[in-house]
Amino acid sequence: MHLLLLLSSSLVIQAAVVKEKCNGVTINQVYHDKEVLKSDIDRPYLMTVDYSTNTLYFSYSVNKEDDVFKTAFINLNTREFGDVAGVSNGFAQTVDQKNHEVYIGGSEGIYKYNHMSKKAEYVGEGDANIWTLYFKDILYYSDFPRQFLYTFIDGTSTRFKDLEDTKVDHFVIDNEDVLFYTNATGLFGQKKGTKDAVLYKETQGDSVRGLTTDINGNAYVCMMDGIYKVNKEEVSLDKVLAVDDAFGLAFDNENHMVYSNATSLVRLKPSNDCSD
């Protein structure tokens, strides 16, 4: 009798410990652990991952009153963290995954960053305050406050014809060459090579804080209240994860979601420890 009570008590205690550890989230019926990569950092933003090194690049605020930002990196395997030197007011970042090249935009143009040497090399647009950077086959960028989208090829900038009269805030291209972009009006989808824009969602202010694609090229949207996946069949957004004051989103080289809130970077990893 006493032995049964002891065993029962032990099982209850073990179950309580497991339950206490199960503070992650469930996405598509799969439980994910929350791994806090970095905390006490102000508004991690505009996130991208270099798959070759599994290094996350992002900007964060260093002076809220004067809107001063820095680009930083964190290796998702080793947790090595550091600021990117040599880029004034680093704000936007993207990666050419095929050639393993990292591009960073700041208030004095576009730079190419060598992670091994930790050096940034100026490549152009020194008069531009870079607002958005995105790489797919070629480099795209927009500058502030004009917010028109350009291509940058062999040192030459050209207004991107598909959106030559359209303001662009965030911008990505998915696995079917559909452009997704935001501006003051809303979130739009538009097949590359056309002028036919489709409104996915009307937006206000800074409700959309980021666009990205996962490792398979599926488009996702980071909004203030969480993470959404683009549903092209329904021309809508499917909510994947609720996040209080979400700021950024990326995917690592195993397609694990990495997101940020106002103060932290978090990675979600599937786990069987807390499955039903």
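Asp-83 is partly exposed, at a relative accessible area of 34%; here buried means under 20%, exposed over 50%, and partly exposed in between, with a 1.4 Å probe and protein chains only. Before I continue, please note that this is a predicted model, in which local features need pLDDT of at least 70, side-chain atom pairs count only at pLDDT 80 or more, and totals for chains, interfaces and linings use all residues. Residues are numbered from 1 along each chain as its sequence is written, and side-chain values use heavy atoms, with hydrogens and water left out.

To return to Asp-83, its side chain meets that of Lys-70 in a salt bridge of 3.6 Å, N to O. The term denotes a side-chain nitrogen of Lys or Arg within 4 Å of a carboxyl oxygen of Asp or Glu. The pair links distant parts of the chain, with Asp-83 in strand β6 (residues 81–83) and Lys-70 in strand β5 (residues 68–75), 13 residues apart. Strands are DSSP runs of E of at least two residues, numbered from the N terminus. Lys-70 is also partly exposed, at 36%.

How many salt bridges does the structure hold? There are 14. One of them joins Lys-136 and Asp-177 at 3.4 Å, N to O. Lys-136 belongs to strand β11, whereas Asp-177 lies in the loop between β15 and β16 (178–182), 41 residues away. Salt bridges with shared partners also join Glu-35, Arg-79, Asp-252 and Arg-267 into one network.

Strand β11 leads us to the sheet. Four strands form an open sheet in the order β11-β12-β13-β14, with antiparallel pairing; two strands pair if DSSP finds at least two bridges between them. β11 (130–136) and β14 (156–159) each have a single partner strand, so one side of each is left without a neighbour in the sheet. β11 pairs with β12 (residues 138–143) over six bridges, and Phe-135 has Leu-139 in β12 as its bridge partner.

Strand β12 also carries Tyr-140, whose partner Phe-171 is in strand β15 (residues 171–173), 31 residues apart. Rings of Phe, Tyr and Trp (its six-membered ring) pair if their centres lie within 6.5 Å; planes under 30 degrees apart count as stacked, over 60 as edge-to-face and the rest as tilted. Tyr-140 is buried at 0%, as is Phe-171 at 3%. In total, the count comes to 20 aromatic pairs.
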